[in-house]
Structures are given as structure tokens and as C-alpha cells.
Number of protein chains: 4
Amino acid sequence: MSDKTILLTGFEPFGGETVNPSWEVVRALDGAVIAGARVHARRLPCVFGAALSELQRALDELKPELVLALGQAGGRSELSLERVAINVDDARIADNAGARPIDAAVVPGGPAAYFTTLPIKAMVAGLRAAGHPAGVSQTAGTFVCNHVFYGLQHALRERPAVRSGFMHIPLLPEQAARLPGAPASMGLQAMIEGLRLALTLALQTEADLRQSGGSLD
Amino acid sequence: MSDKTILLTGFEPFGGETVNPSWEVVRALDGAVIAGARVHARRLPCVFGAALSELQRALDELKPELVLALGQAGGRSELSLERVAINVDDARIADNAGARPIDAAVVPGGPAAYFTTLPIKAMVAGLRAAGHPAGVSQTAGTFVCNHVFYGLQHALRERPAVRSGFMHIPLLPEQAARLPGAPASMGLQAMIEGLRLALTLALQTEADLRQSGGSLD
Amino acid sequence: MSDKTILLTGFEPFGGETVNPSWEVVRALDGAVIAGARVHARRLPCVFGAALSELQRALDELKPELVLALGQAGGRSELSLERVAINVDDARIADNAGARPIDAAVVPGGPAAYFTTLPIKAMVAGLRAAGHPAGVSQTAGTFVCNHVFYGLQHALRERPAVRSGFMHIPLLPEQAARLPGAPASMGLQAMIEGLRLALTLALQTEADLRQSGGSLD
Amino acid sequence: MSDKTILLTGFEPFGGETVNPSWEVVRALDGAVIAGARVHARRLPCVFGAALSELQRALDELKPELVLALGQAGGRSELSLERVAINVDDARIADNAGARPIDAAVVPGGPAAYFTTLPIKAMVAGLRAAGHPAGVSQTAGTFVCNHVFYGLQHALRERPAVRSGFMHIPLLPEQAARLPGAPASMGLQAMIEGLRLALTLALQTEADLRQSGGSLD
């Protein structure tokens, strides 16, 4: 019997796509038991505000020990562990409800940023060692992905025992095949296996590795 | 009983790698029957000259109806059908025998270039429609890949019934996971399935599609 | 007579370079009067800690109304106005004193991030309209550039009347000419003219534009 | 008195642009004397066929000793000396007369390719040594640039004393400033100085350098 709970979130499609790899990947693990913890997958709307309401409902209901939100990052080629969420909504395109906030706060009066509480260095090192392209990212953008990441960290700010963070993932091959400019992609099974390993590492790592995941600029 | 023969070639590892996806992919189809044709896979040394001797032996022995040579293209993100081979060896790094030719002819006195005789537009269109990232490339470089491609087209220049060409493929995920700079990659199974479809299309397409695969520059 | 003061900072060379465009650009404007304000240029060591001590000395001495710190961003192709500084030092390479902090705070106990107080949307729009490639960036990295940017915003956190921020700039052509991989570059004169315009806009813009400078991921 | 003649060609704008850097750069040198040779600059239409008719008129009239055709390469960051022109027109977008040839020959019955007769390795080395980002390119694409390059080499195929080739150049900063995605650019004066040096090197180099300008793939 598993008494721990993992909450995974993925997004509905946006930006003209009919599929979102983040939802495909997390739904595949819904109900799975990973390192003794039961996975619950939830699909979030790609909508400022509504995505956070949905996330809050899931947090209240499930009271998870680990939360990983996932999102699609067109053009990225690896499993991308985000370091920091910033208190900004700045939308280059409209969300799925037609909203396009500019330089608005995710949480008015909230701190400028939150750091992930996941051991992202150990997760990246473990993923790479197992043959999964992975890296630390210094920005989750300013669209609904960053919005959910910031809202997640804000919601859990006083529960240090709960680890949480955000992972951007590449396009699926079938998405990349329809797009110009040869964007990178990653197969669904590889992403699912990578996610499973990432969650195991997140649960089993005590202290994060002291290993650079930095960027010069 | 299959009376047609497909020759596939892949390369041994080079440039510090311990694996070469081109050999991993073609060996997986060795002995398979695709659209009624039997696949023979051969591994070529990553060595100027010796690679072509080995290729010539395989052509003489097998007398294939279809030949596709494959090579690794670090950084590319799709199955990349090459349009043209040029009569130049110009090596930025040494080959596996330590040779580094500069501006030498692949075949002294040979024409400046050969075009593929594969229906590459139909192959790309068919691959994309099936969800495989694929594209036409206007250059196979100037290293051993282009050397083999040129030598292949030269060897078959008077056998118009034999279709032949070259496909560059991405790194495997486990290669990309060890490299800096987050290069793109593609899973082995996806490449094998893509190759199988590419060969089917190469065998079953009568006239190539009239569809641009061009580049502005 | 100009009674306003602008402080510009650039860095000494690092990472094997013999020149740093950020210092070349700001030294060229040392002593200039821009929109009625006198420019003072200071060179910072590319050293964690020491760079901030030097910056603090300049702030104390000059009491500037506007501060713009500049840094080199190898590979970027435009004048890049940074949105946010994060409270992390995470060095992929050693600084010029041999230090390589990993996941250390710039200011222990400081907030997770500071936003620029420059009107970066108006600056980008004005630069582009005048023909200067420019953009908003969501990350200044985790090396000495971000360190100085964070330290600058922290030092001025209680002086809202002083605008301050950070601009990453491309390599100089002579640097790019010596590097493999064809990195982008920008000519010195173009960068100086761009900087002059950026400063004018920073001084003369009342409220920033409501215009997206966001990123999807 | 200069008795040698250099023909430079640039293109009219295309693809929605109002300026083409290739024409801006060559017109700036029209009438100049470089290494004892007089420069004549001609503007070519960005039209398949018509561009070659115009080029042929200039060749007949001027009987130049050196010909360098230039074209815009959106996204490239350096002065790019082309190695090879291929006998293919394959247009992703319509030319300025609305034509969009696909897999047509530039010269029906012509060889598959022509190599440049410029000492491109020496030109690249000399440019880099003087601080100009420069490189050898293995493909000039399949649009009007490659069309003109192929037609040029074909027209001069029996005049080995005349050196000729093609140089792709980056966007101007004012073009890049209006485009999304932060494409690389190069300032007009830098391009003019680079071109002047490239021509001097083309005239004064006896035998080309034995130095790699190759690509792995």
C-alpha cells in the first residue's frame, strides 16, 4: 500500500496544436506507483487564472508529498528542469480563453520569484546517467507555464516538506513533423520513462548534488 | 520469397563516440523483408577510401535494387534525406585511420556532384504524414558521409534502375545526454520505424512528388 | 551643466578572451552627456564578490540617477535588456579569481529575485524603431553578470527614484572571427549608438509601454 | 589607370523586405579601385531566368577578370563564401515575378554542380585575421542565389583565368530589428570593408590555402 501521493499536472493543447505532450506524458503515469508513491495526473487549462484554480483544487484534494507540473517547450530538445518561477505574466500570444496579460503579477504582492524545491541537479545528473537528455533551465518563460509554476510554489510556500517544481518537455515527433524549421522532439515512451526516473530521483534524493547547472548568460 | 535486395550501410563510431546511430539503425533491419525486398546491412569504417572499398564489395556481392547509406549528423533533429553529393573531401577532424584530406576529390576526374536517385520529396512527405520528423538537406558535408554518398552514386552512375542515396540521422538520446549544448536526438525505435517507411516509399514511389524541399540560402 | 549622473559598468575580459565588449562600449561613453546627464563608466572585475564591492564604491561615490550594468553574452545577436536578476551564483566556469560557486546566494537572506526598474519595453521598442536589434531577456544567467545585476538591484532597493538594470550585448566581430561555430556579433559603433539611445530612452520614458516582451517557455 | 575589371552583383529586395544588403554593399563599392582593378556593381532582379540574362549582359559588356555575386542570407552571422553551386531550382517561396520552380535545372543538360574558382580558404583566413567573421559554406541553397551562382560558373566555365564565386551576407541590423526570433546581422560598413578585403585577397592570392573549411555533415 502506498501512502505517499504524487501530483502531476499537464496542459491541454494550445497555440494551434491538437495535442500537448505534457498531458500525454502525465496521463500515462496516472495511477502508477513510483518509489512507493501513488501518481495522480491532472489536466490544466492553458488559461491564466483558471489553471491555478484547478491546481489549487488538486492540491487541496490530494495533499501530495511531491508535485511536478509539466509543460510543452517547442524547440527544446531535453527534459528541462526549471530553477525559478517569476511573478510575471507577459503573454506573446493569447491563452485558450483569449487573455493576453502584459507585465501583470501572478500573485499581486507576492515575492519576485520562487525557486524550485526539487533536487534538480541530482535529477538532471541521474537522468543523463540513464541516457535521457536533460538539463537545468534558468527561465520558464512568462506564459501559462511560468504562471502555474509560480502559483504552485506560492501555494506550497509554507509547506517545506512538500517538494515541487516544473519540467518543460520537448514536442512530440508527430508535432515536429508538421512544423517548419525542424524543431527538436522526443518520443512519448522516452519522455514517460524519463519522467518516471525523475520522480524516483525527486523522492529518493536527500540533499541535492553540488554540481553546476548554471548558464554564463 | 523476396527476389529484390536492399543494401543499407551504417558507419562505425567516430569523433570520440562509442556508438554510431547509423549502424544501430541499419543492423536492426538486417534480414528484414520490406515491400518484398530483403535487407542486407553492412557496417562501413569511418575512413576515407576504405569505406568506399567496403561499399564496392557489398555492391558487387549483393547487386541490390535499392541502396541507402546512413550517417550520423550531430545536432540535426530529423531524418534528413540528402539531395546532392559533391566531389570533395575536406576533413575538419581526422577520420578513424588518422587521415585528414583537404579539398581532395573523392573520385579524381569525376563530375562535381551527383544527385540522389531516390524520390526524396515523396519520402519526406510520407515520413512527415506518418509523424516522423523529416526533411530534404542540400548538403551532406565534406567528411566521410559525403565521401560514401558520392562514391555510391558514382559506382551506380550507369545503372539507372538502381535507386540510391544518403540519409543523415540524429544522435541517439544516450549520446545527446552526454554532450553539452543540448543537441537534438531521436530514439532508436523511432529511427528504425522511420527507416522502414522510407525504404517502402523508395521502393513503391514511381515518380517523385513535385513539392518544394528547397532552401532560400 | 548636467546635474544628473549615469553610472555605466562593463566587465574585464574573461573566459580566455582578451577583450570584453561591455567595457569597450561603456568606456566609449565615459564623460559624455546624454539627455542632460553625465556618464561615468567603471570597469568591474569578472570576480564574484569583488565585482559588487567595486560597484558599491561607484554607487557611493557617484550617487547616480540611472545605472546600467553591461555584460558580454556570447552567441546573442541583439542588445538584450534583462527583466530579472535571481539570487543565485552557479558558475559553469571559474571566475577570474578562480572561484566557482555553486547554488550560493548572491545576498544571503535576500529575496529570490529583483526586477529591473528600467522601462525595458519602451527601450526595446525605441531601439528597434531606430534599427537596432534589441529584445527583452528573461534570464541573465547565473554567472558574474547576474551576480552584479542582482547586487545592483539589491543596493538600490530602497531608492525607487533611481532606475537600474542590466544589458547583455553580443560579441564584437573580432571576437566572433576567432571562434568556431559562427557566433553572432555586433560592431562596436553600433553598440555605442544603441547604448546611447537606450540611455536616452531610460531617462526620458515616464511609464513603460504595455507591450509584450514575453517568452512562451 | 586600372585595366582590370571586377564585376560585383547584388539583388533587389525580396521576401517582403524593402532593402537587400547585397545590393547596398556592392553599390557602395561601385567605381572603386581595389588592388588596381575597377569595380562595377550591378543589381540583379530576384527572378529566375531574368537574373541570369542581366548577369550575362554585364559579363559580355565588362569582360571582368573577377566576378563576385552577393546575396542575402537571413539568419547567417558571417560573410559566407560558397563552395559549390548545384544545377537545381527549388523555390520554397515565389520569386519577384511570381515563379516557383521545383526541381528544375538551372541549365538543362548542364553538369550537376560547379565549384567556385575563388581561393575561398585564403579569403576566409584573411578575413578572420582582420577581424571579420567569415566562413566557407557548403550550400548556397536552391533559390535565386544558387541559380545566379550556378549560371555564373556555367557562363565562365571555359575561361579559367576569370575567378568567380558567390558570397552570402547577413541581414542588415535594421532588417533584423524588425524581425522576430533575433536573427543575426552585420553592419553595412563592416560588410563593405569585409567585401573590399575579400576582393583584394581574391585578386592577390595565387594558390589557395590548404586549410579545412569542411563540415562533418
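**Helices, copies and confidence**

Modeller: In this predicted model, helix H2 (residues 50-62) of chain B packs with helix H4 (residues 144-155) of chain B at an angle of about 35°, and their axes are 10 Å apart.

Biologist: Which hand does the crossing of H2(B) and H4(B) have, left-handed or right-handed?

Modeller: Start with the pair itself: the axes of helix H2 and helix H4 of chain B lie 10 Å apart. The crossing of H2(B) and H4(B) is right-handed.

Biologist: How many charged residues are in the contact of H2(B) with H4(B)?

Modeller: List the residues first. H2(B) brings Ala51(B), Leu52(B), Leu55(B), Gln56(B) and Leu59(B). H4(B) brings Val144(B), His147(B), Val148(B), Gly151(B), Leu152(B) and Ala155(B). Sorted by class, the contact of H2(B) with H4(B) has 8 nonpolar residues, 3 polar and, for charged, no residues.

Biologist: Now chain A. How are H1(A) and H6(A) set to each other?

Modeller: Helix H1 (residues 21-28) and helix H6 (residues 188-204) of chain A have axes that come within 9 Å. These axes cross at roughly 60°. H1(A) and H6(A) are therefore oblique.

Biologist: Which residues of H6(A) make the contact with H1(A)?

Modeller: H1(A) passes H6(A) in a right-handed crossing. From H1(A), the contact uses Pro21(A), Glu24(A), Val25(A), Val26(A) and Ala28(A). From H6(A), it uses Leu188(A), Met191(A), Ile192(A) and Leu195(A).

Biologist: How many residues in the contact of H1(A) with H6(A) are charged?

Modeller: Go class by class. The contact of H1(A) with H6(A) has 8 nonpolar residues and no polar ones. The charged count is 1.

Biologist: And in chain D, what is the hand of the crossing of H1(D) and H6(D)?

Modeller: The axes of helix H1 (residues 21-28) and helix H6 (residues 188-204) of chain D come within 9 Å and cross at roughly 60°. That makes H1(D) oblique to H6(D). The crossing of H1(D) and H6(D) is right-handed.

Biologist: How many nonpolar residues does the contact of H1(D) with H6(D) have?

Modeller: H1(D) supplies Pro21(D), Glu24(D), Val25(D), Val26(D) and Ala28(D). H6(D) supplies Leu188(D), Met191(D), Ile192(D) and Leu195(D). Among these residues, no polar one is found and 1 is charged. The nonpolar count is 8.

Biologist: As by what kind of axis are chain A and chain C related?

Modeller: Chain C can be laid on chain A by a turn of 180° and a shift of 0.0 Å along the axis, with an RMSD of 0.0 Å. The two copies are thus related as by a two-fold rotation axis.

Biologist: Which residue of chain C comes closest to that rotation axis?

Modeller: Look at the C-alpha atoms of chain C. The closest one is 2.7 Å from the rotation axis. It belongs to Ala113(C).

Biologist: Which C-alpha of chain D is nearest its axis?

Modeller: A rotation of 180° with 0.0 Å of shift superposes chain D on chain B, at RMSD 0.0 Å. In chain D, the nearest C-alpha lies 2.7 Å from the axis. That is the C-alpha of Ala113(D).

Biologist: How far apart are the closest C-alpha atoms of chain A and chain D?

Modeller: No contact joins chain B and chain C. No contact joins chain A and chain D either. The closest C-alpha atoms of chain A and chain D lie apart by 11 Å.

Biologist: Last one. What ipTM does the predictor give the complex?

Modeller: Chain A has a mean pLDDT of 97, and 99% of its residues reach 70 or more. For the complex, the pTM is 0.97. The ipTM is 0.96.

Note on methods. Residues are numbered from 1 along each chain as its sequence is written. Chains are lettered from A and ligands numbered from 1 in the order in which they are written. This is a predicted model: local features need pLDDT of at least 70, side-chain atom pairs count only at pLDDT 80 or more; totals for chains, interfaces and linings use all residues. Side-chain values use heavy atoms; hydrogens and water are left out. Copies are superposed by least squares on the C-alpha atoms of residues with pLDDT of at least 70 in both. pLDDT is the predictor's confidence in each residue, from 0 to 100. Axes are lines fitted to C-alpha atoms, for helices over the stretch in contact, and angles run from 0 to 180 degrees between N-to-C directions. Helices (H or I, at least four residues) and strands (E, at least two) are DSSP runs, numbered from the N terminus. Angles under 35 degrees count as roughly parallel, over 145 as roughly antiparallel, 65 to 115 as roughly perpendicular and the rest as oblique. A crossing is left-handed if the near helix is turned anticlockwise from the far one by less than a right angle, and right-handed if clockwise. Contact means heavy atoms within 4.5 Å. Ala, Val, Leu, Ile, Met, Phe, Trp, Tyr, Cys and Pro count as nonpolar, Asp, Glu, Lys and Arg as charged, and the others, Gly among them, as polar.
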